[in-house]
Amino acid sequence: MKEKMKKIMEKVHQYNSCDMAFQAFGLKEEIEYDALVVAPSYTPYKLQMDKYCRVTTLREGACTAGYLVEKDGMKIAWIKIGTSETNCIDYIAFCAELDFRKMIFIGAVGALKDSFDLGDICTPEYSISGGYANTYLKESIKDYVPFEKVTPDREYVDHVVSLGKENGYVIRKGSVFCTASIALEYYHLAEIKEFNTDLIEMETSSFYLMADLLEIPSIALLVVSDNSATGVALVGRTDEQQRKYEEGRKRILPNLILTVAKDSYNNICK
């Protein structure tokens, strides 16, 4: 991890106890994990991964939970967190001192253009931060940059897109606006669309900033859950729309998670 992240963790430990990942999620620092999955709301059970993986619930809280997912020798640490950029930053920081080789963010994403369909798997080309929490990652909280653009490691993103293609899955690249509110995004939708992004969700700008501080190859995999351009609602899908969404969420997304983790595992075993 970068020196700045080490200093962040020093301050965290100054006012809190050590071994925070274990206390929050039941994850152990002495275990080498092939990947860390960061998932607002999604659990391995919700994605039905317990049908073909060994899933162990390590710790469950009111808003968070930790799991160990194992398959064919792979060990995947999985944290379920609350939505929002603040939760993303805080709980990744809790896990910063774990030993993991890749980091995978998974979640739902809304489409802002009619070229995206329910169940499509997408990954950000860049994310625009519509909130304030990322400012806390700067040297001063007075250094706020409105609508800051965050770009992931494009080389690694291209690698994962190629991995998906090799395994028969399409991962679509798209630009993302990170909203601070789901309910209020609709009130400001006309303004948000002025940024000309393809997609909208809450956390990926923060996720990639944390990935940069940790110096861990990272990818965000997002399932299209609604589309304001075509009138496909987040709440109140038809049966056919729900089927498309579930295909992406329960079949393609879990397989991509295992594909990324296996890529890490195979590289270690060579």
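Author: Leu68 is found in strand S4, which covers residues 65–71 (strands are DSSP runs of type E with at least two residues, helices are runs of H or I with at least four, and both are numbered from the N terminus). With a relative accessible area of 13%, Leu68 is buried (under 20% is buried, over 50% exposed and anything in between partly exposed, using a 1.4 Å probe and protein chains only). Between the C-alpha atoms of Leu68 and Val38, which are 30 residues apart along the chain, the separation is 12 Å. The model is predicted, with local features needing pLDDT of at least 70 and side-chain atom pairs pLDDT 80 or more, while totals for chains, interfaces and linings use all residues. Residues are numbered from 1 along each chain as its sequence is written, and side-chain values rest on heavy atoms, without hydrogens or water.

The protein has 8 helices and 12 strands, and its C-alpha atoms fill a box of roughly 50 × 50 × 35 Å along the principal axes. Its radius of gyration is 18 Å, which agrees with the value near 18 Å for a compact globule of 270 residues (the rule is 2.2 Å times the number of residues to the power 0.38, over C-alpha atoms).

From here we can turn to the charged pairs. The whole structure contains 14 salt bridges (a side-chain nitrogen of Lys or Arg within 4 Å of a carboxyl oxygen of Asp or Glu). One of them joins Asp34 to Arg101, with the closest N and O atoms 2.6 Å apart. This pair links distant parts of the chain, 67 residues apart, since Asp34 is in the loop between strand S1 (32–33) and strand S2 (35–40), and Arg101 is in the loop between S6 and strand S7 (103–111). Asp34 is buried, at a relative accessible area of 3%, and Arg101 also counts as buried, at 18%. Glu32, Asp34 and Arg101 are linked in a network of salt bridges.

Another salt bridge runs between Lys4 and Glu139, whose closest N and O atoms are 3.6 Å apart. Lys4 lies in helix H1 (residues 3–15) and Glu139 in the loop between S8 and S9, so this pair ties together parts that are 135 residues apart in sequence. Lys4 is partly exposed at 27% relative accessibility, whereas Glu139 is exposed at 70%. A further salt bridge, between Arg251 and Glu247 with closest N and O atoms 2.5 Å apart, sits within helix H8 (residues 239–269), where the two residues are 4 residues apart, about one turn of the helix.

Ile141 belongs to the loop between strand S8 (121–129) and strand S9 (149–150), and at 42% relative accessibility Ile141 counts as partly exposed.
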